[in-house]
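Subject: Structure handover

Hi,

Here is the structure I promised to pass on. Please have a look at it first; my notes on the interfaces follow below.

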Amino acid sequence: MKAKVSASRTQAVSKIDPRIYGSFIEHLGRAVYEGIYEPGHPTANEKGFRQDVIDAINELNVPLVRYPGGNFVSGFKWEDSIGPVEDRPKRLELAWRSIETNEVGLHEFMEWSRQANTEVNMAVNLGTRGIDAARNLLEYCNHSGGTYWSDLRKENGDEEPFNIKTWCLGNEMDGPWQIGAKTADEYGRLAEETAKVMKLVDDSIELVVCGSSSSKMPTFGEWEYTVLDHAYENVDFLSLHLYWENFENDLPNYLAKSMEMDRFIKDVVAICDAVKAKKGSDKQINLSFDEWNVWYHSKDADAKRDPWDIAPPLLEDIYNFEDALLVGCGLITLLNNADRVKIACLAQLVNVIAPIMTIKDGKVWKQPTFYPFMQASNFGRGTVLTTLTEAPTYDSAEYKDVSYIESTVIHNEEENEVVIFAVNRSEDSELQVESVLEGFDGLSVKEATELAGYDPKLTTKENHDAME
Amino acid sequence: MKAKVSASRTQAVSKIDPRIYGSFIEHLGRAVYEGIYEPGHPTANEKGFRQDVIDAINELNVPLVRYPGGNFVSGFKWEDSIGPVEDRPKRLELAWRSIETNEVGLHEFMEWSRQANTEVNMAVNLGTRGIDAARNLLEYCNHSGGTYWSDLRKENGDEEPFNIKTWCLGNEMDGPWQIGAKTADEYGRLAEETAKVMKLVDDSIELVVCGSSSSKMPTFGEWEYTVLDHAYENVDFLSLHLYWENFENDLPNYLAKSMEMDRFIKDVVAICDAVKAKKGSDKQINLSFDEWNVWYHSKDADAKRDPWDIAPPLLEDIYNFEDALLVGCGLITLLNNADRVKIACLAQLVNVIAPIMTIKDGKVWKQPTFYPFMQASNFGRGTVLTTLTEAPTYDSAEYKDVSYIESTVIHNEEENEVVIFAVNRSEDSELQVESVLEGFDGLSVKEATELAGYDPKLTTKENHDAME
Amino acid sequence: MKAKVSASRTQAVSKIDPRIYGSFIEHLGRAVYEGIYEPGHPTANEKGFRQDVIDAINELNVPLVRYPGGNFVSGFKWEDSIGPVEDRPKRLELAWRSIETNEVGLHEFMEWSRQANTEVNMAVNLGTRGIDAARNLLEYCNHSGGTYWSDLRKENGDEEPFNIKTWCLGNEMDGPWQIGAKTADEYGRLAEETAKVMKLVDDSIELVVCGSSSSKMPTFGEWEYTVLDHAYENVDFLSLHLYWENFENDLPNYLAKSMEMDRFIKDVVAICDAVKAKKGSDKQINLSFDEWNVWYHSKDADAKRDPWDIAPPLLEDIYNFEDALLVGCGLITLLNNADRVKIACLAQLVNVIAPIMTIKDGKVWKQPTFYPFMQASNFGRGTVLTTLTEAPTYDSAEYKDVSYIESTVIHNEEENEVVIFAVNRSEDSELQVESVLEGFDGLSVKEATELAGYDPKLTTKENHDAME
């Protein structure tokens with residue numbers, strides 16, 4: 001098969017916001033405990049953080065990590081996570097029905113984020129809490145000093161403010177499973193008032209308001225419109241979440257599922273701009289695709305677990321090569337929508353539906369999904385160009401006219417490079433890709449890497465190096 | 001007059017849930033202080049609980065006691081009631097405008113319930129509080145240990161969890177008198193979210209959601225429908241409350257008032273099942289008739305009291321024989337609806353519109369209403385049979401076609417007994433009752449007791465033994 | 001020009017409620033710190049309160065001071081302001097983006113109010129807080145003792161209750177700038193339930209529910225109707241706020257702006273009475289015009305200030321003679337509506353859009369607006385008579401048929417005096433006023449004072465005594 005990918009230097013989609021390569025660490029399963037944090041581990045530093053995990057994350061080059069949830073945050077009392085560790089309460093954690101020890105708290109995670117060379121995208125609890133808890137946390141994190149909460153931060157060891165710039169106004173507040181779920185009106189009003197007050201505390205922050213927890217929710221669309229109608233002028237981003245499954249084991253259809261992500265983005269952009277039009281506002285709301293990934297391998301096992309363990313192995317999807325291909329398609333889709341998608345978080349980073357896995361007292365290992373993310377994050381910086389793809393198409397169980405190729409062209413001005421990412425959706429045919437790049441004189445191929453030839457069901461669980 | 005009561009072994013209404021013989025102790029008046037608890041009393045045990053009161057309650061055989069309110073609970077902070085007694089705050093109690101010392105708190109009441117051989121039906125405050133207070137209380141009561149609240153319970157003296165199985169989601173939240181009253185939508189949403197989170201803490205509990213505080217409320221019906229429409233899948237029972245008055249001193253009409261109770265139950269069942277139909281749910285909501293009794297004798301006196309006493313004598317109705325007859329009709333009505341009424345609480349148990357009264361430093365005495373309840377509770381166990389009653393009828397001021405007899409037939413499989421309860425509503429005529437019981441071979445009368453021949457206005461206030 | 005002012009002893013508008021001469025001290029700018037409180041000042045007493053400021057306030061004869069906000073109250077935690085001063089938290093104050101030290105708290109202000117011979121009109125926070133904070137504060141202030149909060153008041157130095165009689169249910173809750181702003185339904189419901197519970201704590205208090213923050217709000221009218229529809233039976237007063245500006249520097253139009261106040265009052269009265277009619281209630285809601293003044297001179301300067309100072313010089317309008325004339329018109333308007341306006345608060349009293357200004361370590365000085373207020377408050381006591389004014393009129397940029405004279409006639413029964421207040425709106429013509437007073441035999445002129453002949457732009461900033 002043959003395909004043609006065309007782009008022109010002068011036809012840009014957008015500069016890429018580095019935060020599009022964000023990820024996510026939730027107090028869930030073994031993400032924190034036994035994940036980034038394992039005091040007795042051979043590579044653990046004096047703070048108890050595993051250096052091997054940090055090294056793997058640095059390979060991924062992750063500029064932003066969402067924290068501490070996720071569903072977790074909707075029942076979380078952030079004050080539990082500060083002060084002397086030995087005084088911190090052990091909590092019944094109701095989102096995942098585990099025990100949260102609060103051994104890793106706010107200061108520890110901020111310290112870790114500095115070590116891991118990443119920014120934090122902090123979430124406030126709008127499930128069981130409201131304006132006051134949010135404003136206090138923000139004052140604690142970002143105010144220089146001279147007030148109760150900022151002085152308490154200093155007392156607890158951080159003289160300098162954390163200066164967290166991106167904040168989530170709760171998580172998936174439309175989901176019936178959410179602790180303190182809200183109707184669109186309830187959440188829209190709460191988000192509006194909380195956002196307003198948070199910007200009074202620090203007007204340099206950016207705020208992400210919750211969109212639907214998936215495009216399949218019965219309230220999708222109405223939710224986004226209503227929430228934005230309330231909170232438009234006080235927020236900056238609207239969130240999207242999407243998880244892919246392949247229970248039906250249908251590879252051609254599975255790999256086409258990134259088309260859903262593209263459609264989802266464009267639908268939500270339309271809603272944002274409809275509210276903008278209605279309000280006659282000069283402000284544009286951009287998107288934070290702050291949860292996306294494959295998630296289904298572990299669901300049956302998780303449904304059978306008894307509750308109330310500390311750091312139980314939850315959501316430990318073992319990914320295979322087909323998952324890596326779809327993640328690659330997802331990354332390309334996000335990039336091709338970089339004009340509106342400014343933040344995206346691969347959910348998640350360590351152990352929990354994650355590219356990076358740890359063995360207690362043992363090795364860190366990389367799932368197949370690690371590799372497309374690493375490549376995109378390291379090479380996909382600069383400006384996305386409008387990419388025209390010509391290729392044969394196929395029809396799958398759910399999708400029509402699926403292109404065999406998913407691709408994007410990126411112009412990295414700083415490095416004076418053009419980068420092409422492409423995924424071949426065909427299981428059996430090789431694809432010859434011709435690229436037509438206008439406006440780039442004297443361009444030559446510097447490097448070409450390929451992830452190919454693997455069995456779609458290949459995992460790295462047993463042979464950690466199978467895809468190195 | 002003659003009447004015929006027919007039933008067949010094979011035509012059952014339902015097994016009787018023992019909780020239909022529940023009662024209620026609220027932090028109100030002298031129910032707790034000078035009621036069940038009076039440290040200096042000659043019969044008080046080392047915990048300060050009066051043994052004579054426990055003995056009287058044991059005669060009633062009460063399997064469930066609702067606690068701590070009632071209206072009281074809507075302003076109650078449960079954390080006030082734990083920890084060292086001397087550190088507990090004295091509170092302005094706004095529901096009854098008294099002072100609450102918190103001398104008897106959660107642990108004390110649980111200890112008392114064990115002594116009194118009864119389960120506790122605990123209520124959470126949804127007036128001034130919400131999800132967090134409810135989940136913390138439930139964790140405190142029912143979680144085994146290893147978390148903040150469950151470990152605090154242990155520290156406060158109870159190593160084993162209380163394992164409270166039946167919980168009320170607030171009390172009479174539709175009543176304008178209620179602290180933090182709610183509209184149906186406000187309450188439905190709060191109950192829905194609170195119920196969901198409570199079942200995340202302990203999925204073995206059963207939850208009672210508030211119906212209307214009486215069938216006379218202007219929002220009756222609409223309230224039930226709206227609340228259930230929100231909370232249907234998260235709750236198990238809907239509550240009903242009913243109090244009878246005889247201000248007009250019209251005995252035939254008064255004794256017919258149990259028909260109101262029957263109508264009320266059937267109306268509420270219809271609403272529950274209408275919501276079930278709308279939702280296409282497989283789940284059935286049953287009823288908790290968790291406040292019912294005669295209440296009017298004390299109202300004038302209570303209206304004149306000044307506020308802010310500790311344990312003032314409030315709601316101390318002195319009951320007479322006609323009240324006992326109506327209570328008997330009420331018990332029969334509840335039993336005949338045992339397919340849907342699974343819980344009922346005679347409101348209340350001690351001193352406050354109660355069958356059991358105490359004298360400070362003195363005796364415990366039994367009101368006329370004590371006796372029908374005792375008989376029903378002790379003998380009315382097993383399966384209620386579909387009971388057909390044929391008898392003459394009369395018209396009263398408010399009711400038409402009132403049967404002179406109210407009766408039910410119960411098959412106690414364990415004891416191999418059939419029990420017939422019957423009340424004669426006629427003031428002057430004796431009633432000859434013929435019973436036709438199919439499917440019971442070799443049945444013979446073992447015992448027949450009768451409460452009759454008393455003046456309708458007879459009380460036991462002066463002569464405590466007048467009805468022994 | 002000639003004018004005629006007529007009134008009759010038997011045609012009264014209403015007895016004047018002294019609270020119509022109320023004022024307002026908010027924790028804002030230098031109102032409290034460097035205003036009423038400056039420990040190192042030569043006139044400061046042992047509590048740190050400036051005696052020269054108290055003296056000036058006593059000249060104004062202010063019977064009621066609203067406290068502690070204003071916008072401030074919607075983020076305020078009242079418990080921060082009690083207990084040992086050294087333990088009180090320093091807060092990020094978000095309404096005015098300052099630092100609040102809580103050095104002057106509840107007890108200090110109550111002490112000051114006793115020294116200043118004024119009652120306090122206390123506001124509860126309905127922005128970020130609700131029923132519980134309000135009932136606890138009220139118990140703390142007004143309950144005699146024997147409960148947690150009242151005993152804590154005693155412990156903190158005040159054995160006797162403060163007995164605060166007038167309470168505001170939040171402040172300007174319709175304003176998008178308000179911390180925790182509410183829709184009319186949200187606020188109406190919260191005010192209803194909070195009011196109900198506060199009156200359970202102390203049924204002798206009077207409650208002011210928030211009307212619109214100005215008659216220019218898009219929700220004006222609808223807000224009042226909806227809020228009262230919820231809370232009618234639980235509240236006593238509805239609030240009005242109005243600030244005048246003269247950015248256009250148009251004196252004839254500016255002085256006519258008191259007509260807006262009159263129109264505003266009559267519109268709100270109509271709404272109150274419409275709700276009364278709908279409800280068939282016997283209760284009348286009266287008005288609390290609890291913020292009114294000129295406010296515009298300082299707005300540009302304030303917009304440029306950086307946040308987070310302690311007691312920054314905010315809202316320090318320097319008033320001129322034309323402002324004093326309009327304030328005089330405002331006072332007359334309030335008095336002529338004394339049948340429904342029972343409370344009014346000149347916003348504010350010291351340093352912040354205030355008649356009284358202080359210099360740190362230095363003098364207290366009086367703005368031009370001091371004088372009309374002083375005269376009205378000292379001489380305008382008793383009964384307002386229905387005042388008929390005949391005078392030439394003019395049309396201004398915004399108003400038609402503006403009378404050149406604004407006047408009212410007051411009968412002070414105690415002093416056996418008739419007092420006439422009149423303002424001449426003409427910049428250049430003197431006005432000869434003839435007064436026709438029926439039913440007052442043997443009346444003679446005892447005293448006539450005049451504020452006239454000043455440049456409209458005259459201020460007292462440099463020459464403090466320019467208007468003495």
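Between chain B and chain A, about 1,500 Å² is buried, and carbon and sulfur atoms give 53% of that area. Buried area here is the accessible area (1.4 Å probe) that two parts lose on being put together, summed over both. On the chain B side, B:Arg135, B:Arg189 and B:Leu200 lose the most area to chain A, together 34% of what that side buries.

Before going further, a word on the conventions. This is a predicted model, in which local features need pLDDT of at least 70 and side-chain atom pairs count only at pLDDT 80 or more, while totals for chains, interfaces and linings use all residues. Residues are numbered from 1 along each chain as its sequence is written, chains are lettered from A and ligands numbered from 1 in the order in which they are written, and side-chain values use heavy atoms, with hydrogens and water left out.

Back to chains B and A. Counting contact as heavy atoms within 4.5 Å, chain B brings 18 residues and chain A brings 20 residues. Two salt bridges link the two chains, where a salt bridge is a side-chain nitrogen of Lys or Arg within 4 Å of a carboxyl oxygen of Asp or Glu. B:Arg189 pairs in this way with A:Glu186, with 2.7 Å between the closest N and O atoms.

Which parts of chain B supply at least two residues each to the side that touches chain A? They include helix H3 (131–142), helix H4 (148–155) and helix H5 (184–201); helices are DSSP runs (H or I, at least four residues), numbered from the N terminus. H5(B) gives the largest share, seven residues. By class, this side of chain B has six nonpolar, three polar and nine charged residues; Ala, Val, Leu, Ile, Met, Phe, Trp, Tyr, Cys and Pro count as nonpolar, Asp, Glu, Lys and Arg as charged, and the others, Gly among them, as polar.

Now for chains C and B. Their contact takes 18 residues from chain C and 20 residues from chain B, and the buried area is about 1,500 Å², with 53% from carbon and sulfur atoms. C:Arg135, C:Arg189 and C:Leu200 supply 33% of the area that chain C buries against chain B, more than any other three residues. Two salt bridges are found across this interface, and C:Arg189 meets B:Glu186 in a salt bridge at 2.7 Å, N to O.

Happy to talk it through.

Best wishes
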